[in-house]
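Open the model in your viewer and keep the selection tool at hand.

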Amino acid sequence: MANRERPAGDVDYEQHGAGYARVRRPDPRIAARVHAALGDARTVVNVGAGAGSYEPADRYVLAVEPSAAMRAQRPAGAAPALDATAEHLPFDDAAFDAAMATVTVHQWRDVEQGLRELRRVSRGPVVLLTFDAVALQDFWLAEYLPHVFAAELTRFPSIDRLVACLGEGSAHVRVDPVAVPWDCVDGFGEAFYGRPEELLRPEVRRATSGIALADADAARRGLDRLARDLASGAWDERHGHLRGLPERVGALRLVVADA
Ligand SMILES: C[S@@+](CC[C@H](N)C(=O)[O-])C[C@H]1O[C@@H](n2cnc3c(N)ncnc32)[C@H](O)[C@@H]1O
């Protein structure tokens, strides 16, 4: 195991990671977008791999994941996971056909260094799944947890910053919005845009790092207010149309850099 005194990211998954894999399961529709972006890569490194969400099952995958609690939640048969960080990938240059990193860049200590490493070890595309924190401010949950959403603005690297870093040299980088289906099985905050009651479940809150990191009393007050608005019908008056919306384009983005 790597000799690491502090967690590799801003969340201590040894403390917060238990139960993550039950709530944060890969959504097959989002997975299809990630896998398409990997093109015809046969070998893939998945960095910040967590419990293995979005890893393709039909290619050779090697995972990199610094948290033992997360590695322990990888299902039997998942790709092997190395204890390392994005900033120092223990691989030769161009060792893989593609590199991927899903919902993790916001936790890295040095985003530029991590992305340079992904670029270095991939001879093909680099595929990121992440959130645009500016677009995230439009999500109705920001009314209830303004401190959480304000913090996400500084926590998530901007999409422009990711594009600039991945585009160093001559790589072409594209940014595609990813629609979130109403019944999304990956339990990130926006996944519950039309199912607000789910956000009141403690395990859902624990699996969302923005809430887990926030001031606990303020988060509880905000979610108590949400519970009251759901009970009184106030939430439905403002946002009830979302209960029947089959998908919503929010803040989820696929950032893909060509070789
Ligand atoms: C929100 S989880 C996402 C896991 C998985 N990729 C997914 O899509 O569900 C973020 C992961 O990034 C990992 N992480 C944090 N800092 C990291 C770093 N510097 N390098 C690589 N991974 C890191 C965490 O341990 C955690 O497992």
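Begin with Arg-59, where a polar contact of 3.4 Å joins its side chain to that of Asp-58. Keep in mind throughout that this is a predicted model.

Is Arg-59 buried or exposed? Its relative accessibility is 15%, so Arg-59 counts as buried, the cut-off for buried being under 20%. Next, display the backbone of Gly-39, whose oxygen lies 2.8 Å from a polar atom of the Arg-59 side chain. To see the surroundings, select His-35, Leu-38, Gly-39, Asp-40, Ala-41, Arg-42 and Val-44; Arg-59 is in contact with these, leaving aside its neighbours within four places in sequence.

Now move to the largest nonpolar core, which has 49 residues. Select Leu-129, Trp-140, Leu-141, Leu-145 and Leu-226, the residues with the most contacts inside that core. Centre on Leu-141: not counting residues up to four places away in sequence, it touches Phe-149, Leu-199 and Leu-226. Another core, of 26 residues, lies apart from the largest one and includes Leu-115, Val-121, Leu-166 and Val-173.

The last stop is helix α9 (residues 159-166). Which residues of α9 are buried? Select Ile-159, Leu-162, Cys-165 and Leu-166. Turn the view to look down the axis of α9: the buried residues fall within an arc of 135 degrees, so they line one face of the helix.

Technical notes
Residues numbered from 1 in each chain as written. Predicted model: local features only at pLDDT ≥ 70, side-chain atom pairs only at ≥ 80, totals over all residues. Heavy atoms only, no water. Buried < 20%, exposed > 50% of the residue type's maximum accessible area, 1.4 Å probe, protein only. Polar contact = N/O pair within 3.5 Å; in protein donor to acceptor, adjacent residues only side chain to side chain. Contact = heavy atoms within 4.5 Å. Core = buried A, V, L, I, M, F, W, Y, C linked by side-chain atoms within 4.5 Å. Helix = DSSP H or I, 4+ residues; strand = E, 2+ residues; numbered from the N terminus. Arc of directions from axis to C-beta.
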